[in-house]
Amino acid sequence: MLTHAPFPLTFVAGHQSVLHDADGHAYIDMLGDYTAGLLGHGDARVLDAVATALRTNASVGGVHPAETQLAEAMCERFHLDKVRFTNSGSEANLMAITTAIQATARRKILVFHGGYHGGLLYFATGIAPWNAPYDFVVAPYNDSAATQRLIAEHGASLAAVVMEPMLGSGGCIAADATFAHDVYVAAHSVGAVFIADEVMTSRHGRSGMFNLLGVKPDISTFGKYIGGGFSFGAFGGRADLLDYYDTSPEAGRVTVVAHAGTFNNNVASMTAGCVVLGDVFTAEIAQAHTARGDDFRQSVAAVLAQSGLPVCVSGFGSMMSLHALAEVPHNAHDVAARNHDLQELLFLGLLERGVYTAARGMMNLSLTLTDDQLAEVLAALSETLAAVRGA
Ligand SMILES: Cc1ncc(COP(=O)(O)O)c(C=O)c1O
């Protein structure tokens, strides 16, 4: 993913929304580290807090206050009863799935074509052969009828439905509100746990994207920006599900699931997370950033439309993707029909004009991007399209 023709870039520094490569070029960073870089580069509030914490409290081999503080902040922001920390979004999803399997005593997991939940939970083109060996059922995204049929068919053995409210890696394809609701109701109708993968999308609105879609998941998973640039993951939600991890005698559980991990509650990530959800990315700022992203995406769409080329933009809030497609895609099947040469020309044209996006077209707005920088990006896009058209 990080390698692209004719050669991949090596970045040596970043300041706010500007990246510098090893050859001395500067780029406006429109990728935002695939959503983990929401804060831009070098946020002093996070770095200072982490530096202070590491000097006093490096790795404690026990519980520490920043962990509790971050847990409380996450429960409040994302409406969770309880939360547990991991090192990555991948681990968070593996643990969420494990929780559902233990709680339901069932084995099947329904996922979506084009979904991505981690290195071992990869469904870009179906079930990747290297995936963790769960018993997966793959449904088409944004297709309520087909998904409801699959859920009914496998209902008795279905432990969980795992869903992104927007296919992130899969091309920034948002779920229709009715689709999200239909899947949620269908999952509950057969007693399956609804797992919301909000690793990328928890930045949207006050409490994440499923909240905006009117769906309250059983378990939600998190990662990326909440760690403020440090490795991070978390899963949380209904107390009765999270209580499978409660080993205290008072809980009196017969079935207990173990969840260990040396760096799960590491001081750097916990401290950074407290700053991120505390002062830096307040609920109000999150809402404003979502609106700003929607505005910018509309401006991008206008520039694309003017070009007359078969190009479009999809997304939600501050996450979006350019597609070499005439129509906005609704599922992974649509995305697969992109014109790959044109897609590459868009990426390279923007790069040549000092704008860094994902080779696959993804753009994620960071908080440090200025209006002037966004205007420069639109100009670079317009010039790129004109050059492509001219050629
Ligand atoms: C939706 C989604 N879930 C899970 C993950 C995995 O997170 P991590 O890379 O922290 O393991 C990603 C990473 O891109 C993701 O986009």
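**Exercise 1. Find where Thr 35 sits, and decide whether Thr 35 is buried or exposed.**

Thr 35 is found in the loop between β3 (26-29) and α1 (44-56), where helices (H or I, at least four residues) and strands (E, at least two) are DSSP runs, numbered from the N terminus. The model is a predicted one, in which local features need pLDDT of at least 70 and side-chain atom pairs count only at pLDDT 80 or more, while totals for chains, interfaces and linings use all residues. Residues are numbered from 1 along each chain as its sequence is written.

For the second step, a residue is called buried if 20 or more other C-beta atoms lie within 10 Å of its own, exposed if 12 or fewer, and partly exposed in between, with C-beta atoms placed from the backbone. Thr 35 counts as buried because it has 24 C-beta neighbours inside 10 Å.

**Exercise 2. Which values of phi and omega stand out at Thr 35, Ala 105 and Pro 6?**

Begin with the background: most residues other than glycine have a negative phi, and most peptide bonds are trans. Phi of Thr 35 is near 90°, a positive value in a residue other than glycine. Ala 105, in the loop between α3 and β5 (108-112), also has a positive phi, near 55°. Ala 105 is exposed, because 9 other C-beta atoms lie within 10 Å. Finally, the peptide bond from Ala 5 to Pro 6 is cis, with omega near -5°, and Pro 6 belongs to the segment before β1 (11-15).

**Exercise 3. Describe how β1 and β2 pair.**

Two strands pair if DSSP finds at least two bridges between them. β1 and strand β2 (residues 18-21) are joined in the antiparallel sense over four bridges, and Gly 14 stands opposite Leu 19 in β2. The two strands form a hairpin with two residues between them, and Gln 16 in the turn has a positive phi of about 50°.

**Exercise 4. What is the strand order of the open sheet that three strands form, and which helix packs on the sheet?**

The order is β15-β16-β18, and the pairing is antiparallel. The edge strands, each pairing on one side only, are β15 (312-316) and β18 (362-364). From one strand to the next, the twist averages 20°. Strand β16 (residues 319-323) and β18 pair over three bridges, and the bridge partner of Met 319 in β18 is Asn 364. Helix α9 (residues 283-307) packs on the sheet and touches β15 and β16, its direction making about 170° with that of β15. Here axes are lines fitted to C-alpha atoms, for helices over the stretch in contact, and angles run from 0 to 180 degrees between N-to-C directions; two residues are in contact if their C-beta atoms, placed from the backbone, lie within 7 Å.

**Exercise 5. At what angle do α1 and α8 pack, and how do the residues of their contact divide?**

α1 and helix α8 (residues 267-280) pack at an angle of about 145°, with their axes 9 Å apart. The contact includes Val 46 and Ala 49 of α1, and Ala 272 and Val 275 of α8. Its residues divide into eleven nonpolar, one polar and two charged, where Ala, Val, Leu, Ile, Met, Phe, Trp, Tyr, Cys and Pro count as nonpolar, Asp, Glu, Lys and Arg as charged, and the others, Gly among them, as polar.
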